[in-house]
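Here's a structure to look through together. Take a moment with it, then follow the chat below.

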Amino acid sequence: MKMRLSLAIASLAILVVHGFVFYQQFFHKWENYQQSYFDQAKTLAKNDAEKETFAGRSPKIEQIMVTQFGSERVDRCTTCHIASDDPRFLNSPHPYKTHPYSEALGDKQVDGRWERRHKFSDMGCTVCHDGQGRGLTEFYAHGEDEFWNDPLMGYVTQENWRADFKDKLKGKEFMEANCAQCHTEKNFKATPMVNKGRELFQSKNCYGCHRIEGISNGTLGPDLSDVGKKWKIDYLHESIVDPRANSATSFMPKFNLTNEEVKALTIFLKSRRGFNYAETTLDRYRATLKKPSSNSAMVQPTEGNQPTTLNTDTSANYGGQLFTERACAACHKLGELDGGIAPDLSFEGLMKDEQWLVAHFKNPRSLVPDSNMPSFGFPDTEFKALSAYLLTQNKVPPTGNGQEIYQNLCLRCHGEKGDGHGMIATYLDPYPRDFTNAGFMSSKTDERLTASIKNGVPGTSMPSWAKVLNEQQIKDVLTYINQNFTKETRTDIKQRDVPEQNPVAMSPESVTRGESIYLQRCTGCHGRKADGKGPNSLDILPRPRNLLNAEFVTRTNDRRLFESILYGVQGTAMPPWIDYGLSKDDVGDLVNYIRNLNKNKQNLVAANAYVSSH
Amino acid sequence: MSDKHNAQEVESGEPVSRRKVLAWLTSMGLFGSAIVSIVSNLVFIKPRATYGKPTRFAIGTPEQFPPGTRIALGDQKVAVIREGDKMAAISVVCTHLGCIVGVADTGFACPCHGSRFDQDGNVTGGPAPKPLPWYELSLAPNGELEVDKGKEIESGKWFTV
């Protein structure tokens, strides 16, 4: 009996499920919308003929096929928004509401009747609004589905977008990014946000690192030519305001931008989709004929960093003009201007000479291997002018007692608390020294610390202060650092038995032995490439030394390398390898291996030898 | 068990046994869902939307077609004709083998096999078996004329502007 009852219940349940599926599949909201529109239109009809046309219509899927914008678009938006071109519904609620008429869009009023500049039957809907044209439910059509790449621009935010900036991604100005797909003119007046973003791209020095076809040639960061096609606006926004959110190792700075500026940049980037709808395939083909070297889809002249007429002026005045034009102060500090990202250039003339500056401009990483300053592709004359300008910045800054010196000169990198977390520290590699690390500070002699201040640390952002501070001032600032940050009375440093010169002669065999020891012992932190980026390196502060830093390695004597390897570096993760069974000969092999890695760069270092003579 | 039931049945005077009610309910559920699924499968045979140009499209305002106009719209394969206040949309696809007929003031002529039609699309010569169909023409609320190729109307049924 129970069996029969449960069978009956089960079969009725199946019927209910079938009925539900049937209802879901064959009764749609859009049918109700259309029926309701027909009914309303009939009551609004002025004559019988008009009434009759609406009476004769029954709900069906309305679609617009558009082939002129890239791949074929099928826009079924008018299935629900059926009154979008019926001017009588201007004040109705969605989805009946008429698409607004606007002079900004080019719509014109003729004889009291509006005429659209962009006819829906020609353009479709998604080319301006985004969203999923084929969708027939609100969820899919508006692109609320997180897997749809183009949600309704400026109106729909997807469920998984970060809550803290979801509301910043709303507003119809985001749609300007789509206007710019066809209206690619540089100052098209209907897309103010795109224009503003384009200006910011230059004035915030984005162009230095990023390439955008036809606009810039940066190589340090990702190519942004089709970034709008690849990413949604939430990702673009996030990458600007929080560059490390997605890639922990990103060294893109967090620029000081207002909300409005971030929005403009986001819209500008979203408009970079790598194609231009205004061009036909024929135009594109002709463009490739003109420039055989590039298969570009954009026929735009390169702006900004490549002047059409080469200015051969190398004067400091012109350099000063370039300094402003090229937006150096987007990162650097100079006088009142401060980007808050890169070192202070206010007394650069006292620290560097022309040769160093020009070489550094051409390729910053030849002198500071982990620098995140881009190699700008400016002509040599401009580098000379910029260097000349920087050399005029040679006024000795106000100094005073140890505390004042520290606050004026050291704070920007080493930080208020002396812990190496200054304002720009995150953008420097290696990090500024942490003075509160008593283990390190106490294990170094006064001579060594004084020398670091006086001569700078080659291959890093620590400059030579010899022309800015005299012996007494260096002493004062060291005392200040020791008393306020290190807070440990200095004891005598144990003299260690370390050879002055590497006792193992440089030879291919020695290098091979050194390599095998290196691969066994050192790769965990210093990395297989010896670039200081081994698997453990991210957990360690201070970070392991980049052993490919030729400036540093070549200028460091054998004694210091021996001491660091054999007895470790106190206050860091470098252990005393003498305790782990490395003999002096092994260390000699390692030193030979490390020196051999930088052998090919020695000419470069020799060319910059004057730096150490300062 | 069944004895007990029969006894209950007799007592209550109920003519239908509980077992029968359950069997009836079960079969109703199963047959019902079978019918629903057959119906939904049949409905699926006809697609709700197909790719291709929509059958209903706008051709412009009546002012764009002054009286005396007889022009063919190439993309949509329709001739728009206006005589005074009366307008019509006539197919330009020959009813013989589907060539595009030429539009002239005197009528239509097919270049393939020489079919001829008069001004209203009626056959006057050649192999064409049927007159050219007329399509429904209406004025949309935004002031543009719309042709619905999904709706053929009888020849000579003019739309008055």
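**Strands, helices and a chain contact**

Author: B:Ile90 stands opposite B:Trp134 in β9(B). Heads-up: this is a predicted model, where local features need pLDDT of at least 70, side-chain atom pairs count only at pLDDT 80 or more, and totals for chains, interfaces and linings use all residues. Residues are numbered from 1 along each chain as its sequence is written, while chains are lettered from A and ligands numbered from 1 in the order in which they are written.

Reader: Okay, in which sense do β4(B) and β9(B) pair?

Author: Strands here are DSSP runs of E, at least two residues, and helices are runs of H or I, at least four, numbered from the N terminus. Two strands pair if DSSP finds at least two bridges between them. β4(B), residues 86–91, and β9(B), residues 134–139, have 2 bridges, and their sense is antiparallel.

Reader: And which residue in β10(B) is the bridge partner of B:Leu139?

Author: β9(B) also joins β10(B), residues 145–153, through 6 bridges, and these two run antiparallel. In their hairpin, with 5 residues between the strands, B:Gly143 has a positive phi near 90°. The partner of B:Leu139 is B:Leu145.

Reader: Switching to the chains, how many residues does α1(A) give to the side of chain A that touches chain B?

Author: Residues are in contact if their C-beta atoms, placed from the backbone, lie within 7 Å. By that rule, 28 residues of chain A are in contact with 24 of chain B. α1 (2–26), α3 (48–55) and β1 (64–66) of chain A each supply at least two residues to that side of chain A. α1(A) gives the most, and its count is 13 residues.

Note on methods
Contact = placed C-beta atoms within 7 Å.
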